[in-house]
Every structure is written in structure tokens, then in C-alpha cells.
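I opened my notebook to record what I could look up in one structure, item by item. The sequence and the model come first, and my entries come after them.

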Amino acid sequence: MIPLVDLLKQYHPIEDEVIRKIRDVIATSSFVQGKTVEAFSQAFALRHQCAYGVGCSNGTSALALALMALGIGPEDEVITTSHTFVATAEAIWHVGAKPVFVDIDPATYLMDLEKIPGVVTSRTKAIIPVHLYGHAVDMGRLMVLARQYQLKVVEDCAQAHDASWEGRPVGSFGDAGVFSFYPGKNLGAYGDAGILITNLPAVANLAQKLLNHGRAQKYYHDILGYNYRMDDIQAGILQVKLQYLASWTDKRRAHARYYDSLLQGCPDLVLPVEVAGARHVYHLYVVRTSRRDELADYLKAQGVMTGVHYPVPVHLQSAFQYLGYRQGDLPEAERAADSVLSLPMFPELEPGDIDRITQGINSFFKNPRRVHV
Ligand SMILES: *Cc1c(COP(=O)(O)O)cnc(C)c1O
């Protein structure tokens, strides 16, 4: 069986280092939002060309902290994409603001920046671009729009560790960048964790306070906040894994090129693109086909697992019905939800695995009638 993601294959070669680190962190007796969290957060922020890193409990809380620290709240509207994990829009709801969705560019699956001017109102306060699948949004163009309409920018980089736009890391363009360290992400903890990075000291300070009950010092609270803290054991594991991120990303990119070469010219199969200016880090390798479900079943029967990211666009989720969106409002996002398929992608994938996966795909399209195996 070839899984979509295999976390154990990544763990085995670093097991000793990880276990040693966990012991070291326990020996410090500082378990929550301590020195290890601080050291890791700083290192991660610097790597993405930001002066401040605020480690926290997960990517969702990091998004909410960023919005709160930028003063976004009730009555405000925040523009984002509907083709994303629900957390992007959920964080907007967490702060009491209203998510406003724009459609996607069907070639990249990223937010269609040309649609932004059409949805800006007097209440619009921010934009959350999502660097989906590990690709990068055109941040040059986006920042021009943000300045034109005076909007704050929070980059959702949950799937895009080490991705860049025109040589500059994602997360460093906007007012804040937010990453998730959920286990399956390109840099994953062994539990939940996330971070907010920024070059604005006021945003870093306020976020740091909000994530720890609003306190400035222990038992003194001038504002109220949340418990969105990170565990030091997770930060320690992330310190170990951060050393390998560059080589893991290179492997993901090499796998993508190999997939491309073997799937080139396959009819009714659209391959992922990497636009000029972007450095794609392939959190996911996503193809599209009008026969998505059939292809997924066919591959599964051959022991190849796939995924769908995501089957229901956020504007059509029942939980967001109150926003009043209807089927047909964002046609490209809806089409993507019906046709995208994520193929196995993780650094430890073997070229032989990719041979097997792509042989399965090519034989599926060559034998259109043999859908049941
Ligand atoms: C994973 C993810 C999040 C949420 O991160 P968590 O750490 O799971 O809370 C937000 N946005 C996107 C695009 C994601 O993929």
C-alpha cells in the first residue's frame, strides 16, 4: 500500500535525535510557552525573514491571534478564498468578523486577485491569501491591492513552509504570516502547534499577550485573552525537524518533477503548475480530472491512497450557510472541489512508488471501460 502521507518513514531516521530532545526539554522542567518555544519561534521567524515569531497552539489559533492583534473584529469583513481548509474562514468567525469569499484562478487554485476589487466594501479590513498546496500567491500584486484599499494582510502559510514569491519567503510580505505544525504539514510536530510571524513589534507583543490570558506578567492582566500556548516538547521536536526541512522540501520538489514527467500528455488529466516567481513546496501534488472519484477508486484498488483537498468549498459548507452563498456563486472553486485529486506526496516517497502510481493512472485513462478492477 502507498499511503497519501507516511509520517513514520520520516520519524525512523531521526528517532534518536527526537527522543534525546524530548528528554532534554523534560529536564528543563519548562513545559508550556517556555524557553524552547521561544528559541524555536525565533529561529523559524528568521528563516522566513521576520523579526518576531510567536509560537502558539496551532495554525487556527495563530490565524485568530493575527486578526485580533491587527484589530479585526465584529462588523469587519475579511476577504479570503473559498478553496481552502475551513480553518482559514473559521478564524475570521472566531474574531466575530465576516468572511467574504472570492473565486480562484482555475490554473493555480489560488485566490483570483482580480476579483478582490469587486468585493471590497467600507467594512473590509483585511485579506487572507492562502498559499494553498505549498504554492505561492502573487504577493507583489496582492500587496499593491492591499495598499490601494488600505487592507491588512494575514498570509495563511499553513501548507507553505519555505515557499517563496520572487525569492522572498511567504509569510514575510503581509502584516503577519501564519503557519501550522500539524503533524501532516511540511514541518509537523507530534501533536498540535502553530506560529505567527511578523516584522511589526506591536503585533508580536499583542499576539504574545493574547495567547497567554492577556497577561503581561504572571497573575497581572490588563487585557483578557486565551490559552493558545505551545508545548515546549513540541517546540523541541520542531527544532530537530527544522534542520531537515530544506532537504525534505527539495525531495518534494524532485518528486513533483518526476510525477510531471510521467504524467505529461495524459488525456483528461491536468497537472499542477508552478507559476514564474513562485517556489512551490508541494505540500500536496494535486491533479484534476472530470473522472476524479472513479480514478480514486481505481487507484485504491491497486493499493494507492489519494485524498481530496477539499470536497466542499467553504462557502457551501452548512456551517457557513448563514453567509447566504449559493451554488454557482464561485464557479471555479466549485469545479475544483469536484475535480481535484491529491496523489501521495511526502519526502520519503520512492521513485519506484511514483512509477507504480503513475502506471496506475496511465492505465486508467488508457482503458476507459475498465473502471472496476
Ligand atoms: C492546516 C491548515 C490550517 C489550520 O492549522 P491547524 O494547525 O490545523 O489549526 C489553516 N489553514 C490551512 C490552509 C491549513 O492547511
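**Entry 1: ground rules.** I noted that this is a predicted model, in which local features need pLDDT of at least 70 and side-chain atom pairs count only at pLDDT 80 or more, while totals for chains, interfaces and linings use all residues. Residues are numbered from 1 along each chain as its sequence is written, and side-chain values use heavy atoms, with hydrogens and water left out.

**Entry 2: helix 10.** I looked up helix 10, residues 292–301, where helices (H or I, at least four residues) and strands (E, at least two) are DSSP runs numbered from the N terminus. Which residues of helix 10 are buried? They are Arg 292, Leu 295, Ala 296, Tyr 298 and Leu 299, buried meaning under 20% relative accessible area, exposed over 50% and partly exposed in between (1.4 Å probe, protein chains only). Seen down the axis of helix 10, these buried residues fall within an arc of 165°, so they line one face of the helix; the arc is taken from the directions from the helix axis to the C-beta atoms. The buried residues pack against helix 11 (331–339), strand 14 (340–343) and helix 12 (351–366), with contact meaning heavy atoms within 4.5 Å.

**Entry 3: Gln 302.** I placed Gln 302 in the loop between helix 10 and helix 11, and found it partly exposed, with a relative accessible area of 30%. Not counting residues up to four places away in sequence, Gln 302 touches Arg 356, Gly 360 and Ser 363. Its C-alpha atom is separated by 8.8 Å from that of Ile 357, which is 55 residues apart from it along the chain.

**Entry 4: aromatic rings.** How many aromatic pairs does a search of the whole structure find? It finds 16, where rings of Phe, Tyr and Trp (its six-membered ring) pair if their centres lie within 6.5 Å, and planes under 30 degrees apart count as stacked, over 60 as edge-to-face and the rest as tilted. The rings of Phe 44 and Phe 179 have their centres 4.9 Å apart and their planes at 80°, so I wrote this pair down as edge-to-face. Phe 44 lies in helix 3 (residues 35–47) and Phe 179 in strand 8 (residues 176–180), so the pair ties together parts that are 135 residues apart in sequence. Phe 44 is buried at 0% relative accessibility, and Phe 179 is buried at 0% as well. Phe 40, Phe 44, Phe 179 and Phe 181 form one aromatic cluster.

**Entry 5: the ligand.** There are 13 residues around the ligand, counted if one of their heavy atoms lies within 4 Å of it. A polar side-chain atom of Asp 156 lies 2.8 Å from a nitrogen atom of the ligand, and one of Gln 159 lies 2.8 Å from an oxygen atom of the ligand.

**Entry 6: Ser 342.** I found Ser 342 in strand 14, buried with a relative accessible area of 1%. The side chain of Ser 342 makes a polar contact with the side chain of His 309 (2.7 Å); such a contact is a pair of N or O atoms within 3.5 Å, and within protein one must be able to donate a hydrogen and the other to accept it, while residues adjacent in sequence count only if both atoms are side-chain atoms.
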